[in-house]
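Here are some notes for your reading of this model. Please keep the structure open and check each point against it.

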Amino acid sequence: MGLFHCPLGALGYGDDGCIQCGLCSAVTRAEKIAATQKMRAWIRENRQSSNPDLLIQKIAVCGKGGSGKSTLTALLSGALEHIGYRTLILDTDSSNGGLYKKLGMDAPPLPLNQTGEGDCPPAFLDREQIYFEEVEEPFVVTNRMRSLVCAGKIEDPLMGCACTIGEYARILIQKLSTQAREIVIADQEAGVESFGRGIEASCDTILIMVEPSIESVELAGKIQYMAQGIGIQRIRAILNKIEDEEQEEFILDRLTEQGVRCLGKIEDSRQIRSRNLFSRELLPEEGFALAGSIATCMLDEAEMTYDRP
């Protein structure tokens, strides 16, 4: 298939994983739309059988660049730790590299695309199912109940595209299996490119960070459209950087017009901004203070138990 990367992971037409949708050979816009419709129908059908109870197992944090996705990821994982949940955080952003600092880790994990063996992925990615404890060092670092895996980073010019990074992220999140009180959180790259790579296809929950800009609000509608197209039912907006009631009311009205439900907002915090600036951990108690209501509302919706703080 040349430079084409199948969002479902097939190596070629007719190979394992191929549903013969025709996307790899599509030329016209109509052919591409027809192919993606076949893929979306297949993903919806398989999603319903893999998680019939609609439990929260895998969350994708999406949104515009700079809207606060990594900060929400750190705060949410901290809030979940505070109420008894273990999280595995998957950093899929090929640019920003500071998430490990927000999680209180001394160094980032070795990216999945840096095995030292060419394009060969880490051996554990070959397993049909991957449990948290099977993600091997040095590809994971852990601080208490939060673990971090990095799909890859573009560190130098002329390194090529991020296709391999996206493919490793898609494979890992697809194969990760959660047990009781475990949740995967994928900190996605900006925009909607990850949907084209099929990374969200294995997620059951989408959180969309929305900041005070019309581009961010409109992107929320586009993300919801794409997520609904692959059968994701739990899609929620999180407001961030809101300065006053006028901004909040305007954004909520625009989100409502697009049919996007808002789960809550991250209150402005000088302390969190300072911690981000000085590369200090966003502690679980701080995470619960700012994102605790978001975490508990999600779990309540899914009828999942948690420790009462």
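1. Apart from neighbours within four places in sequence, glycine 65 touches Ala190 and Glu211. Please locate these contacts first, bearing in mind that the model is predicted.

2. Glycine 65 sits in the loop that runs between strand E1 (58-63) and helix H2 (69-82). Its relative accessibility is 40%, so glycine 65 counts as partly exposed. Between glycine 65 and glutamine 188 the C-alpha to C-alpha distance is 9.9 Å, although the two are 123 residues apart in sequence.

3. Glutamate 211 lies in the loop between strand E8 (205-210) and H6. Is glutamate 211 buried or exposed? With a relative accessible area of 9%, glutamate 211 is buried, because the cut-off for buried is under 20%.

4. The side chain of glutamate 211 makes a polar contact of 2.8 Å with the side chain of lysine 64. Leaving out neighbours within four places in sequence, the contacts of glutamate 211 include Gly65, Gly66 and Ser67, as well as Ser216 and Val217. Asn240, Lys241 and Ile251 are also among them.

5. Helix H6 (residues 214-229) packs with helix H7 (residues 245-257) at an angle of about 25°, and their axes are 9 Å apart. H6 is therefore roughly parallel to H7, because angles under 35 degrees count as such. The crossing of H6 past H7 is right-handed.

6. Which residues of H6 and H7 meet? From H6 they are Ile214, Val217 and Ala220, and from H7 they are Phe250, Ile251, Arg254 and Leu255. Sorted by class, this contact has six nonpolar residues, one charged residue and no polar ones.

Note on methods: Residues are numbered from 1 along each chain as its sequence is written. This is a predicted model: local features need pLDDT of at least 70, side-chain atom pairs count only at pLDDT 80 or more; totals for chains, interfaces and linings use all residues. Side-chain values use heavy atoms; hydrogens and water are left out. Axes are lines fitted to C-alpha atoms, for helices over the stretch in contact, and angles run from 0 to 180 degrees between N-to-C directions. Helices (H or I, at least four residues) and strands (E, at least two) are DSSP runs, numbered from the N terminus. Angles under 35 degrees count as roughly parallel, over 145 as roughly antiparallel, 65 to 115 as roughly perpendicular and the rest as oblique. A crossing is left-handed if the near helix is turned anticlockwise from the far one by less than a right angle, and right-handed if clockwise. Contact means heavy atoms within 4.5 Å. Ala, Val, Leu, Ile, Met, Phe, Trp, Tyr, Cys and Pro count as nonpolar, Asp, Glu, Lys and Arg as charged, and the others, Gly among them, as polar. Buried means under 20% relative accessible area, exposed over 50%, partly exposed in between (1.4 Å probe, protein chains only). A polar contact is a pair of N or O atoms within 3.5 Å; within protein, one must be able to donate a hydrogen and the other to accept it, and residues adjacent in sequence count only if both atoms are side-chain atoms.
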